[in-house]
Amino acid sequence: MFELDLMFFAVAIPAVIFAGISKGGFGSGVAFASSSILALILTPGQALALMLPILMVIDVATLKPYWKRWSWPDSRLLILGAVPGIALGAWLYRVTDDDLLRLLIGAISVGFVVWHVAQSKGWIRGFANRLPPSAGLFAGLVAGFTSFVSHAGGPPAAVYLLSQRLTKTEFQASTVLVFWVINAAKFVPFAYLGLFTWHTALADLLLTPFAILGAWLGVRAHFMLSERLFFGIAYVLLTLTGSKLIWDALT
């Protein structure tokens with residue numbers, strides 16, 4: 001049980017708004033930073049359980065502006081691949097402990113930053129050709145797994161979608177659709193594993209207005225805010241929180 005005190009809301013409110021902005025305007029790629037931030041003050045299970053309903057609210061809030069502007073063939077492949085990935089994530093959660101989950105969340109956070117720095121420096125180049133459908137299924141599997149254990153399904157999905165040469169809005173709309181379905185699918189195993197409580201439900205209820213505010217800001221920021229600035233801030237947050245989680249897991 002965690003306290004709904006000033007410290008909790010001082011951390012949770014910015015984290016939830018940040019998730020809304022990311023999912024509403026920047027392809028969900030760094031929305032999982034919110035889970036990393038919350039895992040600094042909560043157990044990994046509490047952080048994941050708290051964020052899932054929030055992410056689902058954001059999904060609903062951002063679905064309408066991008067309705068039918070997605071690439072359905074690419075989205076379908078990712079969704080189909082995500083189903084076994086979610087099952088794998090649920091199995092791992094049952095057999096592991098909090099420290100391993102902290103290590104996974106921290107490693108995914110830092111690894112995400114390293115990947116993008118390597119891309120920006122030209123050490124890793126994008127795909128010259130569109131990836132085949134089998135790659136979409138595999139990316140979906142990885143996205144389903146990482147989404148379950150850390151709400152970090154955005155990066156693997158983005159790798160595939162970016163290879164398909166979609167427009168900015170097609171890419172954003174596709175990620176909104178894919179993670180709307182994935183997050184809805186995760187709700188059942190989360191409930192089965194006992195991650196939801198009346199306490200997390202109360203916290204979610206109090207944080208929902210801030211999630212909607214973040215989504216609203218994100219849709220507008222999609223057309224106005226510099227992506228470089230937004231992701232620069234996100235990379236700093238992911239590096240700091242990810243490193244702290246890795247340290248906590250190993251010490």
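This is a predicted model: local features need pLDDT of at least 70, side-chain atom pairs count only at pLDDT 80 or more; totals for chains, interfaces and linings use all residues.
Read from the N terminus on, the order of elements is α-α-α-α-α-α-α-α-α-α.

**The chain as a whole**

The protein chain has 251 residues, and 53% of them count as buried.

**Nonpolar cores**

In soluble globular proteins, nonpolar side chains tend to be buried together. Which residues touch the most other members of the largest nonpolar core? They are L78, F148, Y160, V178, I182 and F190, in a core of 28 residues. Two or more residues come from each of α3, α4, α6 (133-150), α7 (154-163) and α8 (168-192). Helix α4 gives the most to this core, namely eight residues. A second, separate core has 24 residues, including F8, A15, I37 and A203.

F190 deserves a separate description. Apart from neighbours within four places in sequence, F190 is in contact with L48, A49, L52, F148, H151, L195 and F196. Ring pairs also link F190 with F148, F187 and F196 into a cluster.

Helix α8 has 25 residues. From its first C-alpha to its last, α8 reaches 37 Å, close to the 36 Å expected at 1.5 Å a residue. After α8 comes G194, whose phi is positive, near 75°.

**Aromatic pairs**

A pair of aromatic rings is described by the distance of the centres and the angle of the planes. The structure holds five aromatic pairs, and the table presents examples.

| Pair | Centre to centre | Angle between planes | Geometry |
|---|---|---|---|
| F8 and F9 | 5.0 Å | 80° | edge-to-face |
| W67 and W70 | 5.2 Å | 80° | edge-to-face |

Both F8 and F9 are buried. In the tryptophan pair, W67 counts as partly exposed because its relative accessibility is 46%, which falls between the limits of 20% and 50%. W70 has a relative accessible area of 16% and is therefore buried, since the limit for burial is under 20%.

**A loop residue with positive phi**

K68 lies in the loop between α3 (44-63) and α4 (72-95). Its phi is near 60°, a positive value in a residue other than glycine. Is K68 buried or exposed? K68 is exposed, because its relative accessible area is 64% and the limit for exposure is over 50%.

**The salt bridge**

How many salt bridges does a search of the whole structure find? The search finds one. This salt bridge joins R102 to D99, and their closest N and O atoms are 3.1 Å apart. The distance meets the criterion, because a side-chain nitrogen of Lys or Arg must be within 4 Å of a carboxyl oxygen of Asp or Glu. Both residues belong to helix α5 (residues 98-120), where they are three residues apart, about one turn of the helix. R102 is buried, with a relative accessible area of 18%, whereas D99 is partly exposed, with a relative accessible area of 34%.

Definitions and conventions: Residues are numbered from 1 along each chain as its sequence is written. Side-chain values use heavy atoms; hydrogens and water are left out. Helices (H or I, at least four residues) and strands (E, at least two) are DSSP runs, numbered from the N terminus. Buried means under 20% relative accessible area, exposed over 50%, partly exposed in between (1.4 Å probe, protein chains only). Rings of Phe, Tyr and Trp (its six-membered ring) pair if their centres lie within 6.5 Å; planes under 30 degrees apart count as stacked, over 60 as edge-to-face and the rest as tilted. A nonpolar core is a set of buried Ala, Val, Leu, Ile, Met, Phe, Trp, Tyr and Cys residues joined through side-chain atoms within 4.5 Å. Contact means heavy atoms within 4.5 Å. The expected span of a helix is 1.5 Å times one less than its number of residues.
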